[in-house]
Amino acid sequence: MRAFLGFGDLGLQLEGFLNEKSETSVSHYFDDYYVNENRKIFPYDHYLKVIKSYEWIVSLGYNRLWEKQKVIQSILEGGGKFLSVIHPSSFISYRANLKDGVIVYPMCNVDKGVILEEGVLLNNSVTISHDCKVGRCTYLGPGVILSGNTTIGKGCFIGSGSVISNGINIGDNSIIGIGSVITKDMKPNTSGIGNPFKILNSPLKLI
């Protein structure tokens with residue numbers, strides 16, 4: 001059986017992708033706010049009691065990356081499994097390595113040697129060149145381009161239209177604002193924006 005963990009706008013989009021592929025066998029929903037009389041809905045935290053009972057689709061958005069990391073870890077430690085959702089219009093090289101629970105939106109291109117760790121989300125039209133690695137639960141916004149041999153840490157947010165140069169390392173939990181061009185490494189827990197890129201003293205807010 002399959003179940004959504006968290007079900008808002010992201011969950012509705014992912015359910016639409018599954019419907020396009022005729023994969024409509026999601027049976028349960030775990031969310032404190034979602035209401036639908038025709039669906040089996042359980043309190044959000046109840047997932048901890050039934051980790052092994054479902055194949056999980058973790059549909060927590062980019063503004064809940066910290067929580068998503070904890071959820072992914074708890075399900076892994078509890079022996080649970082994840083469903084990856086990959087839109088059929090996207091190209092994934094057979095030489096790429098996608099871990100469980102990866103979500104890929106339409107028109108993405110993932111080249112050879114790429115590693116996407118658990119819970120990574122690629123929004124529309126993301127391009128990832130050869131031999132990149134994207135850490136657990138990182139979010140790449142629409143139109144992001146990663147040049148070859150780039151490493152992105154876990155829990156990062158890369159804003160729409162950003163370009164990251166070849167061989168760059170982005171530390172864990174970093175935030176990059178929309179339209180940025182990154183040509184130097186970023187330390188963990190930092191944020192910045194722009195072209196030319198500037199590190200900010202105060203973190204960007206994800207709203």
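Predicted model: local features only at pLDDT ≥ 70, side-chain atom pairs only at ≥ 80, totals over all residues.

Colleague: Fine, helix α1 then: how does its length agree with what its 12 residues should span?

Modeller: Helix α1 runs over residues 9-20, and at 1.5 Å a residue it should span 16 Å; the C-alpha atoms at its ends lie 17 Å apart, which agrees.

Colleague: And which residues of α1 are buried?

Modeller: The buried residues in α1 are Leu10, Gly11, Leu14, Glu15, Phe17 and Leu18. Because they cover an arc of only 155° around the axis, they sit on the same side of α1.

Colleague: What does the face turned away from that side carry?

Modeller: That face of α1 carries Asp9 and Glu20, which are exposed.

Colleague: OK, and what covers the buried residues of α1?

Modeller: The cover includes several strands, among them β1 (2-5), β2 (26-30) and β4 (55-58), and also β12 (121-122).

Colleague: Switching to β1, which way do its side chains point?

Modeller: Arg2 and Phe4 point one way from β1, while Ala3 and Leu5 point the other way, and all of them are buried. In a regular strand the side chains alternate between the two faces of the sheet.

Colleague: How many bridges join β1 to β2, and what stands opposite Leu5 there?

Modeller: Four bridges join β1 and β2, which run parallel, and in β2 the residue opposite Leu5 is Phe30.

Colleague: In what sense do β1 and β4 pair?

Modeller: β1 and β4 pair in the parallel sense, over four bridges, and Leu5 has Val58 as its bridge partner in β4.

How values were computed: Residues numbered from 1 in each chain as written. Heavy atoms only, no water. Helix = DSSP H or I, 4+ residues; strand = E, 2+ residues; numbered from the N terminus. Expected span 1.5 Å × (residues − 1). Buried < 20%, exposed > 50% of the residue type's maximum accessible area, 1.4 Å probe, protein only. Arc of directions from axis to C-beta. Contact = heavy atoms within 4.5 Å. Pairing = 2+ DSSP bridges.
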